[in-house]
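Colleague: I would like to go through the terms used for this model one by one. Please set each value against its cut-off.

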Amino acid sequence: MGVYLNPGNEGFKKAVSSKIYVDKTLLIQYTNECLNTEQAYLCVSRPRRFGKSVTANMLAAYYAKGTESDALFKRLGIAACSTYRTHLNQYHVIFLNMQEFMSNSENTVQMLQLVKKSVLWDLLEEYPNLRYFDTNNLVRTLHDVYRFTKIPFVFIIDEWDCIFREKKECQKEQRQYLDFLRLLLKDQAYVALAYMTGILPIKKYGTHSALNMFDEYSMTNPENFAEFAGFTEDEVKALCRQYQMDFEVARQWYDGYSFEKCRHIYSPRSVVRAMLSGRFDSYWSQTETFDALKTYLLMNFHGLRDDVTRLLAGEQVKIDISSFSNDMTTFHTADDVLTLLVHLGYLAYDFDTKKVWIPNSEVAGVFATAVRTAGWDVVAKAIERSEYLLQAIWNQDMEKVAKGMEQAHLETSILAYNDENSLSCTIALALFSAREYYFTVRELPAGKGFSDIVYIPRKNHLDKPALVVELKWNQDAKGAIAQIKEKRYPDSIASYNGKVLLTGISYDKKTKKHYCEIEVFDTKRISRCN
């Protein structure tokens, strides 16, 4: 057992022994299917603190020879699979954390020399008596070990993309690194499986990738790895029951990433910290400053500020991810910036609709802070005033609401001014703080039509009234209230048992003056929750 060759199972043992461990070992069932096949090259990218290193340690503990890991796995999900014992501790594992090597090197050449020297040291210590062609040549030495032992290698490379994140401008060094990985892994008979994990997908140069043998599973399309990208809803529900935490609040804070094969994925770091501390807070965002997000928001691409404003207002924005170069410096359009934010975890992405959105309250708070410090004064002020405006609605102070909406509309309108969509976006941004108290639904199906925005109180804020908001231009606000009633919009929240405020907002196309009418809906018509 060496440092990088068959490093043992201590890393995974720590994870399993932790106060909270969520069993993700069924991922091994899929990697077992990929062993010694054309699908043996896997690059799985996720945001920081989404369990990448735990997974890497798990794979090393399962596959590595020279250690007995049955005691760790026999009570976990993988133990029930037919391939469990077939592959348990049957391979030479080479486990490399590239961040470690880069931190101990001044440049990429030194880093790669350190990698080669370190792995060779372990190989020659494990097999000192073999006949080697060149003990300074890593690839040839791997061939020699495989030829004599007939035991193939499983390569696990954690933080594989660190050079692209920390040496953003060094394209020559990036190419040297990719060439090293290609020579080490591509078309080599000694490779049974290569599993790389990081934040970014594989770097593309032009239309080609230096590592085109890899299948990629990322936050834009994780495919079979969707349920392993974070915690699933059932897993979070189980933790909430165990720690007596409110699941609905956990959903508000940490849900929002959605994939075809798993519609609700939660940030693992945040959920674990919330359960252990007994308090919901922004834990994932504490691991990196908002300056990282601010850097990308300040990029002067056409449409980027408008798109971010829409996202802050709770809208979804369609993007094209195809031109993204999978690095942190090559940007051609606003879509490239937003695609990077998907991979970093700041945005969620739907593969079918091609739309992005801010996933949850935790990340929305990071966006609000980044916008404020980025000098987006107009948007920042609208967010800061949102609590005041929300309070005015609760107090049914129609004059204050109309004045506040008028100011927000004049300052933050990002579409044609005389357009209901523009007003809808502006209202949602002006009521940004409502995220803390409400589930917000845009164009909720209701009765005979659609209401523009419905705010349904969260479980922990049932003392707040539900809001049904109708938005109109060139009509009076009373007409908006009448339309709410005529279309039977309140039927859409019939399961809510509490006060409902029907809020009609309109403005005059010529004068730009805004009007507001607020009416309390007859709560006797609303049935109790089941």
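Colleague: How many salt bridges does the count come to by this rule?

Modeller: The count comes to 16 salt bridges. The rule asks for a side-chain nitrogen of Lys or Arg within 4 Å of a carboxyl oxygen of Asp or Glu. This is a predicted model, where local features need pLDDT of at least 70 and side-chain atom pairs count only at pLDDT 80 or more, while totals for chains, interfaces and linings use all residues. Residues are numbered from 1 along each chain as its sequence is written, and side-chain values use heavy atoms, with hydrogens and water left out.

Colleague: What makes K24 and E235 a salt bridge?

Modeller: The closest N and O atoms of K24 and E235 are 2.8 Å apart, and the limit is 4 Å, so the pair qualifies. The two residues are 211 residues apart and link distant parts of the chain. K24 is in the loop between α1 and α2 (27-34), and E235 is in helix α11 (residues 233-243). Helices here are DSSP runs of H or I with at least four residues, strands are runs of E with at least two, and the numbering starts at the N terminus.

Colleague: Are K24 and E235 buried or exposed?

Modeller: Both K24 and E235 are buried. Buried means under 20% relative accessible area, exposed means over 50%, and partly exposed is in between, with a 1.4 Å probe and protein chains only.

Colleague: Why is R85 called exposed?

Modeller: R85 has a relative accessible area of 54%. The cut-off for exposed is over 50%, so the label follows. R85 also forms a salt bridge with D70, the closest N and O atoms being 3.3 Å apart. D70 is in helix α4 (residues 70-73) and R85 in helix α5 (residues 84-87), 15 residues apart.

Colleague: What separates D179 and R182 in helix α10?

Modeller: About one helical turn, because D179 and R182 are three residues apart in helix α10 (residues 171-185). Their closest N and O atoms are 2.7 Å apart, and the pair forms a salt bridge. D179 counts as partly exposed at 37% relative accessibility, and R182 is partly exposed at 32%.

Colleague: Which residues are linked in a network of salt bridges?

Modeller: R140, D144 and R147 are linked in such a network.

Colleague: Why is strand β1 said to be largely enclosed by the rest of the structure?

Modeller: Five of the five residues of β1 (residues 41-45) are buried, so the strand is largely enclosed. Y41, C43 and S45 point one way, L42 and V44 the other way, and all are buried.

Colleague: How do you know which strands pair with β1?

Modeller: Pairing needs at least two DSSP bridges between two strands. Five bridges join β1 to β4 (residues 191-198), and the two run parallel. Three bridges join β1 to β7 (residues 215-217), again parallel. C43 stands opposite M196 in β4 and opposite E216 in β7.

Colleague: What puts the buried residues of helix α18 on the same side?

Modeller: The buried residues of α18 (residues 377-384) are V379, A380, A382 and I383. They cover an arc of only 160° around the axis, which puts them on the same side of α18. The arc is that of the directions from the helix axis to the C-beta atoms.

Colleague: What makes a set of grid points a pocket?

Modeller: On a 1 Å grid over the protein atoms alone, a pocket is an open set with protein on both sides within 12 Å along at least five of seven lines, and lining residues have an atom within 4 Å of a point. About 1000 Å³ of space lies in the largest pocket. It is lined by 31 residues, and those closest to its centre are G314, W357, I358, P359 and T440. The largest share of that lining, five residues, comes from β14. Volume here is the space filled by 1.4 Å probe spheres set on the points, which are joined across faces, edges and corners.

Colleague: How much space lies in the second largest pocket?

Modeller: About 740 Å³. Of its 29 lining residues, the closest to its centre are R49, F50, G51, V54 and P268.
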